[in-house]
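I opened the model today and went through it domain by domain, then strand by strand. These are my entries.

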Amino acid sequence: MKNATETVELPEHYPVSLKVNGQAYNLKLQPWVSLLDALRDHLQLKGTKKGCDHGQCGACTVLVNGKRINSCLTMAVMKDGEEITTIEGLAKGDELHPLQKAFIEHDAFQCGYCTPGQICSAVGLLNEGKANSLEEVKELMSGNICRCGAYTHINSAIMQVKGETGNE
Amino acid sequence: MKTNYTGQPANRVDGSLKVTGTAKYAAEFEAEGLLFGYIINSTIAKGKIKEIDISQAMQVAGVVQIFTHENVSGLAWFNKSYKDMDSPPGDPFRPLYDHKIRYSMQPIGLVVATTFEVARFAASLIKVTYKEEKLVTNLQDNLHRSKKAPMGKVGYVQPKSRGDAESVFAKAEYKIEGEYVHAAEHHNPLEMFATTAIWEEDGKVTLYDKTQGVSNVQLYISNIFGLSLKNVRVVSPFVGGGFGSGLRPQYQVFMATLAALELRRPVRVVMTRQQMFSFGHRPGTVQRVAMSADENGKLTSIQHEAYGETSQFEDYTEIVVNWSGTMYNCENVKLKYELVKLDVATPTDMRAPGAVTSAHAFESAIDEIAYAVKIDPLEFRKINYAEDDQVEGKPYSSKELRACYDQGAAKFGWSGRSIEPRSMREGNQLIGWGMANGAWDALQMPAKAQAVLSLDGKLTVSSGTSEIGTGTYTIMTQIAAETLGMDINDVTFKLGDTLMPMAPLQGGSWTAASVGSAVKAVCEEVKAKLFKLASKTKHSPLSGAAPKELTMAEGHIFLISDPGSRLSIIEVMRLTETDSIIESGMSGPDPAAKTTHSFNSHAAVFAEVKVDEDLGTVIVTRVVCAVAAGKILNPKTAGSQILGSVVWGISKALEEETVMDNNFGRFMNHNLGEYHVAVNKDINDIDIIFVEEHDDLVNPLGIKGVGEIGIIAVAPAIANAVFHATGVRVRDLPITMDKVLQLAEEDKNQVRV
């Protein structure tokens, strides 16, 4: 083992305010903490999943100000003051979000690990007035990998909810 | 209230946990003072670590400890202590055991720190110098070094040849031969391997682990660390996908346990996606198939040889060519299966191991020989249909493959197919229709379960099996509720804990049959106890009734002869002052049945592809998968398993391949950006058919399991469809546009890529 004399500087902590699922949190985070790790490790919101940490799988999808993002590709400090919705924030008490209900009814998952990301992506699509056709849903949901292969059921669930809610 | 639940498409009982993000996976259990581990991996494939310099990393504030082979001691000495329930013959890999590097990305150290980010950063400061040695990772160039696969792997038997295939082939008028290749594939469940290890004061350790077998991890950890079994508890209520990758304990559980025991603190270790490519994979395989037939389409000879890769330290074996001796009637069959040792990690079972590899080559060859004699490929399969298992000389307990053919073909519209290749098109899209069939073993393993019926009429059944997405929670709840005639909402099934009765590894499509039979057995015990109690009730309609006069449904026990004479479960317990009924039960395969019958599930797959004539791109537009797998406990969850298998088959046929750089012995595309799996837009219409199949012999539930059977015939069906569309046979998977174009260009049916 060599003797190392140089000390290693670590990044400073910065105050970060996040409004997650309607609740305000004031954190002190180093800038290298991703939004995903902030949610999972600092706020104990484990519903948002880590599947690759590189923006390649979509499991970490959350809504920032209503828009879909990969929380693993976003540093928490970049979202200071913004409103974040995770899978834990979709149901109203015991009343599940229509997409959550539709996912259960259509058996749109198996292991369940990609499911929070799939549902958040789908909520984002509907918010953005997209998902107007099955082809569009397939294209726009292709950033969310489901290794169990529930894609056709996921699409059925989204199309059903789209049909029920109309073009909002 | 109807209580006939099996066969019904019940929604998953764990559905609301999964859609709300409250189902807890291995990395999601918390503990006070939790530390974070980050694993470092070898950058070379073969050689020795000369020096591993952790000094700078240790300077980082927040780093608690760095474990390497230089500072880890006190572990089990003998490599047999590292064997697990799914180990192939050989000497298992021992993490951090010595300075030897056996394969690229071998784990060589663990950084433990107060945060994940600090651990990851410190890991980047570790400097490792190696002495490299000459390595060999190219399967195709090393077939001459192959050797016979040893016995030892569960279920593996040496393939048996019969007749004289070579001479018949030599003289045959109609014959074909070809070589089929696929590279390594990686499971890539979406949840990465993770362990949260909780050290407890009295020397016990609780491991929240991603695994397909809590008992296997318990055994493995207890042997390595010299802990008694009762001091190792493994818990795994939810698993974010397995596909075989979790059958063996993976190295993160070793790392987390090591750190927790040494530091006496809770530690979490999660692999990165890149590290998900650093242990078992579906082995790359080279296969050669030759076949002959007479002018009536009768197969006269089959020759099938396969060469699978394995590591230098273990002989991973698959059942590949054995299937070719049982699929069709043929008197002359020559089979050979050998292994080639390479400087790679030991391969691991991956969905339908062996069978899916075999079917790609064999069912493509069946299509080719059918074309040689100019017979429709489906008709050709019917001509050579095997009523009995020709290898074992035994009838199948049931085999409704003909029903799969008929119902699948009808749904697909196969009769409208023109046999000539390149005869169907839409503009510049060449349309092809192909089909194939497959089989898988219907296995049952010994399993145990416990049932507790409490005074409030609620039943809790438990067994230490796992839920990898297959619907185990749901179907076990259905079986228990139906057996005791209870409302499904009054029944809870628990799994994934070594404190529960032992269940086999969750693999091989045997969980429903094995654990399901144990759940049924233990519920029958509870029922017998309730009947006894009901008979003992005084002045009740059931007083003195014999057990055979009683039955249960709708939450009540009643006289078969007079359903009006009844008592609820709660009434029986109250009247007999019974606080609770606790029973244990077990179930296992019937050894007598195995001597008289063979047990297989079957499937026929029909696929339509569109191939762009100019670009060579292949799109699978439709798949029909017809499955004969005995009774289907839950068409919804079973249908999802088949659906997922078909997606896997499409992904395998067109996309999946872990590309080895043979200069460095390293997988190049070890991430989800470059290792392509099917995404939403790759998947179009998929129809699943479960044909009726009655089977009293296979197990008490009459079920055969559906985890594997759906994938087996998908890749060959697609390869055959590509041939029908284009007239070229792409024998190497995945079928990518470059291969389609190159073969069309060269106008020949065989190239080495």
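Which domains does the domain assignment give for chain B? I looked this up before anything else, keeping in mind that the model is predicted. The assignment gives domain 1 (31-134 + 189-272), domain 2 (142-185 + 281-443 + 595-746) and domain 3 (444-588) of chain B. I note that domain 2 of chain B is written in three segments.

**Entry: domains 2 and 3 of chain B**

I took the C-alpha centres of domain 2 and domain 3 of chain B and found them separated by 40 Å. For the contact, I read 16 residues from domain 2 of chain B and 16 residues from domain 3 of chain B. I then sorted the domain 2 side of chain B by class and got 8 nonpolar, 6 polar and 2 charged residues.

**Entry: a helix pair in chain B**

I looked at helix 14 (residues 635-654) and helix 16 (residues 714-726) of chain B, whose axes come within 8 Å and cross at roughly 50°. Helix 14 and helix 16 of chain B are therefore oblique to each other. I recorded the crossing of helix 14 and helix 16 of chain B as right-handed. From helix 14 of chain B, the contact uses Val646(B), Gly649(B), Ile650(B), Lys652(B) and Ala653(B). Helix 16 of chain B contributes Val714(B), Ala715(B), Ile718(B) and Ala719(B). By class I have 7 nonpolar, 1 polar and 1 charged residues in this contact.

**Entry: strand 2 of chain B**

I followed strand 2 (residues 47-53) of chain B to its partners. Strand 2 of chain B runs antiparallel to strand 4 (residues 100-101) of chain B, and 2 bridges join them. Across that pairing, I found Lys48(B) opposite Lys100(B). Strand 2 of chain B also pairs with strand 6 (residues 127-132) of chain B, in the antiparallel sense and over 6 bridges. There I noted Glu51(B) opposite Thr129(B).

**Entry: layout of chain A**

How many helices and strands does chain A have? I get 5 helices and 5 strands for chain A. Read from the N terminus, the elements of chain A follow the order β-β-α-β-β-β-α-α-α-α. The C-alpha trace of chain A spans about 65 × 35 × 25 Å along its principal axes.

**Entry: the sheet of chain A**

I traced the sheet of chain A as an open one of 5 strands, in the order 2-1-5-3-4 and with mixed pairing. Strand 2 (23-29) and strand 4 of chain A stand at the edges with a single partner strand each, so one side of each has no neighbour in the sheet. From one strand to the next I have an average twist of 40°.

I then checked individual pairs in chain A. Strand 1 (residues 14-20) and strand 5 (residues 83-85) of chain A run parallel and are joined by 2 bridges. Lys19(A) sits opposite Glu83(A) of strand 5 in this part of chain A. Helix 3 of chain A packs on the sheet, where I found it touching strand 3 and strand 4 of chain A. The direction of helix 3 of chain A makes about 35° with that of strand 3 of chain A.

Strand 3 and strand 4 of chain A pair in the antiparallel sense, with 4 bridges. I have Val62(A) opposite Ile69(A) of strand 4 of chain A. The hairpin of these two strands of chain A has 2 residues between the strands, and Asn65(A) takes a positive phi near 50° there.

**Entry: the two domains of chain A**

The assignment for chain A gives domain 1 (14-89) and domain 2 (98-165). I put their C-alpha centres 21 Å apart. In the contact, 15 residues of domain 1 of chain A meet 13 residues of domain 2 of chain A. On the domain 1 side of chain A, strand 3 (61-64) and strand 4 (67-70) are the elements that give two or more residues. Strand 3 of chain A provides the largest share, 3 residues. I sorted that side of domain 1 of chain A into 6 nonpolar, 6 polar and 3 charged residues.

**Entry: chain A against chain B**

Last, I looked up the contact of the two chains, which takes 53 residues from chain A and 53 residues from chain B. Which element of chain A supplies the largest share of the side that touches chain B? I found helix 2 of chain A, with 4 residues. By class, the side of chain A that touches chain B has 25 nonpolar, 16 polar and 12 charged residues.

Notes
Residues are numbered from 1 along each chain as its sequence is written. Chains are lettered from A and ligands numbered from 1 in the order in which they are written. This is a predicted model: local features need pLDDT of at least 70, side-chain atom pairs count only at pLDDT 80 or more; totals for chains, interfaces and linings use all residues. Domain bounds come from an automatic or database domain assignment. Two residues are in contact if their C-beta atoms, placed from the backbone, lie within 7 Å. Ala, Val, Leu, Ile, Met, Phe, Trp, Tyr, Cys and Pro count as nonpolar, Asp, Glu, Lys and Arg as charged, and the others, Gly among them, as polar. Two strands pair if DSSP finds at least two bridges between them. Axes are lines fitted to C-alpha atoms, for helices over the stretch in contact, and angles run from 0 to 180 degrees between N-to-C directions. Angles under 35 degrees count as roughly parallel, over 145 as roughly antiparallel, 65 to 115 as roughly perpendicular and the rest as oblique. A crossing is left-handed if the near helix is turned anticlockwise from the far one by less than a right angle, and right-handed if clockwise.
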